[in-house]
Amino acid sequence: MEKITRRRFIGTLTAGASAWALPGCLNGSKWFGKPDDKPNIIYILADDLGYGDLGCYGQKKIRTPNLDQLAADGIRFTRHYSGSTVCAPSRCVLLTGKHTGHCYIRSNYEMGGWGPDEPEGQLHIPADTITLSKLLRNAGYATAAVGKWGLGGPDTTGHPNRQGFDHWFGYLCQRVAHNYYPTHLWRNTQKVVLENDYFSAHQRLPEDKDPYDKASYAPYAGKQYSVDLMADEALQFIKTHKNQPFFLYLPFPVPHVALQVPEDSLKEYQNAFPETPYQGENGYLPHPAPRAAYAAMITRMDQHIGRIMNLLKQLSLDQNTLVIFSSDNGPTFNGGSDSAFFHSA
């Protein structure tokens, strides 16, 4: 049994060739661009997604048709390893290319507490860190990061804009990212206030609430779902930079708990699995149908990835864009998730 957490990694140059940041012919396919072309690069990173949570890796219960198609059109990398079992150091390894033992960030070292007025962010990477985004920007790429960061909060050297990304949108702080209905996200250095009221992502269902009544869980949702906003931002970046080479780093927070997903996605898995309401006894927010919520979160992310793939085709970028999908580490064990049921690992 391998002791290192596997990333599930799918790489495809949407015209057929596949490699990391270099166009190649690893699968025998032809490179459709000119020899000196710079391919666009989109690196999509899930959060706590299990190796077996995708159909192309054997999943039978969760629908991931767009990622399955990405795998069918490209290459599955089955020995592509994560740098760590937790978020921040894994992301530091990914963006710096350093071995875990050489990386500056080696744990989820928090720089603030859990309340709404606490400072945001984790330990920040130093100003002189060499990152993939800096290298690609120096090579003429427009660069953007959209999603969950975790490598430095506001006004630190670890901010994405100070680490090679021209554009940033999403959660700077991993603690804030525990709630998919946050009060705010960040666009570059500006706080974007959302139409969501504050509530803690770490609470149990009150004892006077019926765990089988969906109304009991109404306080744990809001109006604006962060992943939807991130997907829209990513699509806009692609449209804006369609005429120049771009690098889009898209670290979606899905399916990291808390278990939260809009009702239209939850209905896709209504009565699909045997369920026991999760009341928050193992951390994070309660949910009346935890298995359905977990599956729905992944399927909703897959749908957003399908939107990205469709846009590339509409803009005639599909023959010059390298699309890579992976996860920061393996599945979690808390917050109502059930990796044994889904054979996630």
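Trainee: Let's start with Tyr249: is Tyr249 buried or exposed?

Mentor: Buried, with a relative accessible area of 1%. Buried means under 20% relative accessible area, exposed over 50%, partly exposed in between (1.4 Å probe, protein chains only). Keep in mind that this is a predicted model, where local features need pLDDT of at least 70 and side-chain atom pairs count only at pLDDT 80 or more, while totals for chains, interfaces and linings use all residues. Residues are numbered from 1 along each chain as its sequence is written, and side-chain values use heavy atoms, leaving out hydrogens and water.

Trainee: How many aromatic pairs are there?

Mentor: A pair of aromatic rings is described by the distance of the centres and the angle of the planes. Rings of Phe, Tyr and Trp (its six-membered ring) pair if their centres lie within 6.5 Å; planes under 30 degrees apart are stacked, over 60 edge-to-face and the rest tilted. Here the count is 13 aromatic pairs. Among them, Phe165 and Tyr249 are stacked, 6.0 Å centre to centre with 20° between the planes. Phe165 is buried too, at 1% relative accessible area.

Trainee: Which residues form one aromatic cluster?

Mentor: Trp149, Phe165, Trp168, Phe247 and Tyr249.

Trainee: Where does Arg63 lie?

Mentor: Over the face of Tyr269, 4.3 Å from the ring centre. A charge sits over a ring if NZ of Lys or CZ of Arg is within 6 Å of the ring centre and within 35 degrees of the ring normal. Likewise, Arg291 has its charged end over the ring of Phe341, 3.8 Å from the centre.
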